[in-house]
Amino acid sequence: MKIVSLQSVGLGTYFSGNEDETTYSPTLYIVGDRIERVGYFDNGNEPKVTKINYQQGDFDAYGFEIYTVHTSDGHIRVLPADKYIADWSE
């Protein structure tokens, strides 16, 4: 099984049109889709999500769980697993 998307839990990303309009929407990562960047227009050059992994370990007494989001520009975003919901597929 593999992860096909991640969605943030809670407030997510902050968007502001002006002082009177402030909204919060969940951050969403979908394999194959471009990564949205707040404040930038879509010009077709935004990196795409290539894969999402789940990792678990116990480097300290508490352990940790993370998701790693790999992008087409070679970057890896490390996200805490307790703040995201994953959608798994075969």
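In which loop is Val31 found? Val31 sits in the loop between strand 4 (28-30) and strand 5, where strands are DSSP runs of E with at least two residues, helices are runs of H or I with at least four residues, and both are numbered from the N terminus.

The model is predicted, so that local features need pLDDT of at least 70 and side-chain atom pairs count only at pLDDT 80 or more, while totals for chains, interfaces and linings use all residues. Residues are numbered from 1 along each chain as its sequence is written, and side-chain values use heavy atoms, with hydrogens and water left out.

**Overall make-up**

Of its 90 residues, 24% count as buried, a label for under 20% relative accessible area, with exposed meaning over 50% and partly exposed the range in between (1.4 Å probe, protein chains only). The chain exposes about 6,800 Å², of which carbon and sulfur atoms supply 49%; accessible areas come from the Shrake-Rupley method with a 1.4 Å probe, and for residues only the protein chains shown count as cover. Among contacts (heavy atoms within 4.5 Å) between residues at least 6 apart in sequence, 36% join residues at least 24 apart.

**Surroundings of Val31**

With a relative accessible area of 33%, Val31 is partly exposed. Leaving aside neighbours within four places in sequence, Val31 is in contact with Ile3, Val4, Val49, Thr50, Lys51 and Ile52. One of these residues, Val4, is 27 residues away from Val31 in sequence, with a C-alpha to C-alpha separation of 5.4 Å.

**The sheet 4-1-8**

An open sheet of 3 strands has the order 4-1-8 with antiparallel pairing, where two strands pair if DSSP finds at least two bridges between them. Strand 4 and strand 8 (84-89) are its edge strands, each pairing on one side only. From one strand to the next the twist averages 20°, based on axes that are lines fitted to C-alpha atoms (for helices, over the stretch in contact), with angles from 0 to 180 degrees between N-to-C directions. Within this sheet, Ser5 stands opposite Ile30 in strand 4.

**The sheet 5-6-7**

Another open sheet of 3 strands, also antiparallel in its pairing, has the order 5-6-7. Strand 5 and strand 7 (76-80) stand at the edges with a single partner strand each, so one side of each is left without a neighbour in the sheet. Strand 6 is mostly covered, as 6 of its 8 residues are buried. Tyr67 in strand 6 is the bridge partner of Tyr54, and Tyr67 also stands opposite Leu79 in strand 7. The hairpin of strand 6 and strand 7 has 4 residues between the strands, and in this hairpin Gly74 takes a positive phi near 90°.

| Strand pair | Sense | Bridges |
|---|---|---|
| Strand 1 (residues 2-8) and strand 4 | antiparallel | 3 bridges |
| Strand 5 and strand 6 | antiparallel | 8 bridges |
| Strand 6 (residues 64-71) and strand 7 | antiparallel | 5 bridges |

**A surface patch**

Tyr54, which lies in strand 5 (residues 49-57), counts as partly exposed at 31% relative accessibility. Together with Met1 and Trp88, Tyr54 forms a nonpolar patch on the surface, with about 350 Å² of accessible area for the three together. Patches are made of residues with over 30% relative accessible area and no salt bridge, like charges being joined within 9 Å and nonpolar side chains (Val, Leu, Ile, Met, Phe, Trp, Tyr) within 5 Å; a salt bridge is a side-chain nitrogen of Lys or Arg within 4 Å of a carboxyl oxygen of Asp or Glu.
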